[in-house]
Amino acid sequence: MTAGEGPVAVLDAHGHVGTWPDFLIPDPTAEGLVATMDRVGVAAMGISHLLAVGPDAERGNRLAMETAARFPGRFGVWQVHNPHHRTPLVTDGVWGVKLHPDVHQCPLDDPRYEPVWRLGLPVLAHGQTDSPWSDPALFAAVAARHPDVPLLMGHTGLWSYGFDRAARLAGGHPNLHLEVCGSRMTGRWIARLAATIGAERVLFGSDACFLDLRTGYGRVALAPLTEADRALIAGGNLARLLGPRLAASPHT
């Protein structure tokens, strides 16, 4: 699943399995995700288990790895790091690390995340404009401090009024990328972000199983983009960022 001369595999950078206490998820199962992935044409999805995002990162990470093992080639694991619990992290068999500063109420630039940055793995973090924990300005500060760490700004800051600002803040940091899942995102916004920061810095994500994978990918599939840019956003960029990690993972 790498970018080449043939068709680029569609890779979803941002997915989940499991349940969440205050959010309706009609089908929280990996089986349901795989069925929808097959229907849409998504080759692989990066997942974190919602138990890991919530109360038990260590157990949730084990469940995510077990899920990936049950569906070889379909899921890569974003292992969740809870900065308050010093969650054990691995470097093999995962796509990288998932951070949720808002759930954990720990700003993205807090020193408690230093064990994550030292790993040098790709990092996908929840981003939320005007949040004291995950505003895009914090992403820019961290990207400047750790230029060798590929950092994905989840949701491009979440709120549509902040998308432009998120792109401008990311613009000066080549290691900072915009991941576009979220109910406020549209195909036109994806094209606008690509025009602002470059299509090679924008990545498709769906936030399934929170949000509908079909809607998420539809925004990319129907966005007013060139086919070359669409291929980058749909999977080529993530394949490049993951590099040998994508091919070497026992699960993908």
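Begin with the largest pocket, which holds about 350 Å³ of space. A pocket here is an open set of points on a 1 Å grid over the protein atoms alone, where a 1.4 Å probe fits, with protein on both sides within 12 Å along at least five of seven lines; its volume is the space filled by probe spheres set on the points. This is a predicted model, in which local features need pLDDT of at least 70, side-chain atom pairs count only at pLDDT 80 or more, and totals for linings use all residues. Residues are numbered from 1 along each chain.

Select Phe23, His100, His126, Asp207 and Phe210, which lie nearest the centre of the largest pocket among its 18 lining residues (those with an atom within 4 Å of a point). Both β1 (10–17) and α2 (50–53) supply at least two residues each to this lining; helices (H or I, at least four residues) and strands (E, at least two) are DSSP runs.

Next, move to the second largest pocket, with about 240 Å³ of space. Of its 14 lining residues, Asp27, Thr36, Cys209, Leu211 and Asp212 are the closest to the centre. Two or more residues come from each of α1 (30–40) and α9 (213–221), and α1 gives the most, with four.

Technical notes
Heavy atoms only, no water.
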